There are 2 protein chains.
Amino acid sequence: MSTMRAAVITAPGGPDVLHIQQRPVPALSGPNHTVRVRVVGSALNRADLIQRAGHYPAPPGVPSDIPGLEFAGEVAALAPGVTRWQIGDRVFGLVPGGAHAEYLTTHEDTLARVPDTLDLHTAGALPEACITAHDALRQARFAPGDRVLVHAVGSGVGLAAVQLVRALGGIPFGTARNAEKLTHATALGLETGFVPDTSADGHPSFADAVLAATDGRGVDIVLDLVGGRYVHEGVRSLAHRGRLVLIGLLAGRESPLDLSRVLARRLQITGTVLRARPLEERIAFTQAFAQEVVPLLADGRVRANIERSFALDEIAEAHALLGSNETTGKLALRIAD
Amino acid sequence: MSTMRAAVITAPGGPDVLHIQQRPVPALSGPNHTVRVRVVGSALNRADLIQRAGHYPAPPGVPSDIPGLEFAGEVAALAPGVTRWQIGDRVFGLVPGGAHAEYLTTHEDTLARVPDTLDLHTAGALPEACITAHDALRQARFAPGDRVLVHAVGSGVGLAAVQLVRALGGIPFGTARNAEKLTHATALGLETGFVPDTSADGHPSFADAVLAATDGRGVDIVLDLVGGRYVHEGVRSLAHRGRLVLIGLLAGRESPLDLSRVLARRLQITGTVLRARPLEERIAFTQAFAQEVVPLLADGRVRANIERSFALDEIAEAHALLGSNETTGKLALRIAD
């Protein structure tokens, strides 16, 4: 059996529990639409850190101790019955784990074709941010003209959301913890950025500023990557029939909810996670990404935002940097040259 | 100009500000799809009390000082261009105000035909409860087999929801403040009823009981007519991808929200009000009611739950009784014999 190099979580803990080890190349098991991909580019996500710390077990069907949720690479082998791809095709997508290794297997319909204009190291840092933002916008029933407030606008998902909203005909607003994090987003099309004020009671305050910037009307959609009291302020920032999609909980696991505003404005709050989705939903969001987002990647209207690129051997260093919360954009991982 | 008898809110205040006065019969203004209805039956709703107290101004286009949101009656006059109805047709529906009078006008598409099996006094107590429950179930994407938890299950909306869920192939659960209020709902098809426990900290507690009654899985939908801390417990009661529709705020205007549960279970919370809807939505919910609910009313699978019936002259007494919060089911109002 041939082997491959993989990042392995050898025990729950800090970045130093990550070691590069030899593992068996994952098998193609029968005529089940499985494709083996030789991974070239990938990137880090917060879920990798949580998994490394032992708090986020991988779902069934993926390696439990190899992190990595996104990838770009080349089709290396096909199970009988696969019709969509040929050996050598350049593909990218999401998996529930196991992408920080030289090979992975996945269902043929969970792959999208990488545009000729993108190299695979860049492409490997795109799927998680773009699909998270795009899927959240779809859940929020985004339509051209919508005003969208994006929290953590300096994060990989935040920067992808700003570009997507602008490219799809919406108006992106955003928050970040400091003015530097707003700079990059502004260059990518952010209409107006806000640094939440915490001077009054320690809680973030931005709703009054958002309302002032939208003629008192508020925004149609909030993409909330932060959670905590941001939800309370986000609800205050929403226009009539506005939608808040909750994607992350960095700022906390609870918020007061102003029910009279939810009722009177007919607001909607939806929680979402990508990783634990069943196969049919993973296929659906990948196909939506292929149809609606990949063309924007091909012509450069939506671009990868890579702060720094690491070799697979440097994965522990990359984990430490992402854990510092001082990054803007993605930390890419080079699995192969 | 001919006149009619109408309940009039003569000043903001208690039930005694309601007087029966003579008012002009509302005009049919041009070829605009307007129908004049001679009202025979109506019923009280909590919004009438709030309007009487001066906290709920009527929207534009309806009398500002005549309460009444639902009615059944006979088509009495047609504007040019109305094709759907003929004089004498028996119709029922919702208006944003003005139903507690002998005549009202409304758009022809906001009326549904009363089944032959129903008298107009019974029919007048059906639209608000049935449409509120049905519209909320539609917003929650109800499907046969769904488990639905209905709060305030002894209220008019609560009892309508229990019958609708059962008639549409779902499994209704419910809460009420005491066991007597559960009795009627149980006779109408309630699977299991719960009286929230407030002994621990004064906050209502029912989620553990709901989970125990659903094999630990939780319910797919919560119809929350109560608000306050019920929302917190409702979120705890929801299954994966569950939906909570917030319809009322009797128990309070704020609740803590467990964001980690909203995220991990991909829950959705939606606020809704019927009264302030634009015409196109009023038409849509009336047509949905006509197609999906009226047949259930015709064959008796969903029935009116009238606790007591009052003559129009007794409207102040009816307001006082509804304000006591001690009613089960609807308080009907006889506008004409």
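Is Arg217(B) buried, exposed or partly exposed, and what is its relative accessible area? Arg217(B) is partly exposed, with a relative accessible area of 41%. The close-ups below come from a predicted model.

**View 1. Asp220(B) and Arg217(B) form a salt bridge.** The closest N and O atoms of this pair lie 2.8 Å apart. Asp220(B) has a relative accessible area of 7%. The limit for buried is under 20%, so Asp220(B) counts as buried. Arg217(B), at 41%, is partly exposed.

**View 2. A salt bridge joins Arg236(B) to Asp208(B).** Their closest N and O atoms are 2.7 Å apart. The pair links distant parts of the chain, 28 residues apart. Arg236(B) sits in helix H7 of chain B, residues 230-237. Asp208(B) belongs to helix H6 of chain B, residues 207-213. Arg236(B) is partly exposed at 21% relative accessibility. Asp208(B) is partly exposed too, with a relative accessible area of 48%.

**View 3. Asp299(B) meets Arg301(B) in a salt bridge.** The side chains come together at 3.2 Å, N to O. Asp299(B) is partly exposed, at 46% relative accessibility. Arg301(B) is also partly exposed, and its relative accessible area is 48%.

**View 4. A network of salt bridges links residues of chains A and B.** Chain A supplies Asp135(A), Arg277(A) and Glu281(A). Chain B supplies Arg241(B) and Arg266(B).

Terms used. Residues are numbered from 1 along each chain as its sequence is written. Chains are lettered from A and ligands numbered from 1 in the order in which they are written. This is a predicted model: local features need pLDDT of at least 70, side-chain atom pairs count only at pLDDT 80 or more; totals for chains, interfaces and linings use all residues. Side-chain values use heavy atoms; hydrogens and water are left out. A salt bridge is a side-chain nitrogen of Lys or Arg within 4 Å of a carboxyl oxygen of Asp or Glu. Helices (H or I, at least four residues) and strands (E, at least two) are DSSP runs, numbered from the N terminus. Buried means under 20% relative accessible area, exposed over 50%, partly exposed in between (1.4 Å probe, protein chains only).
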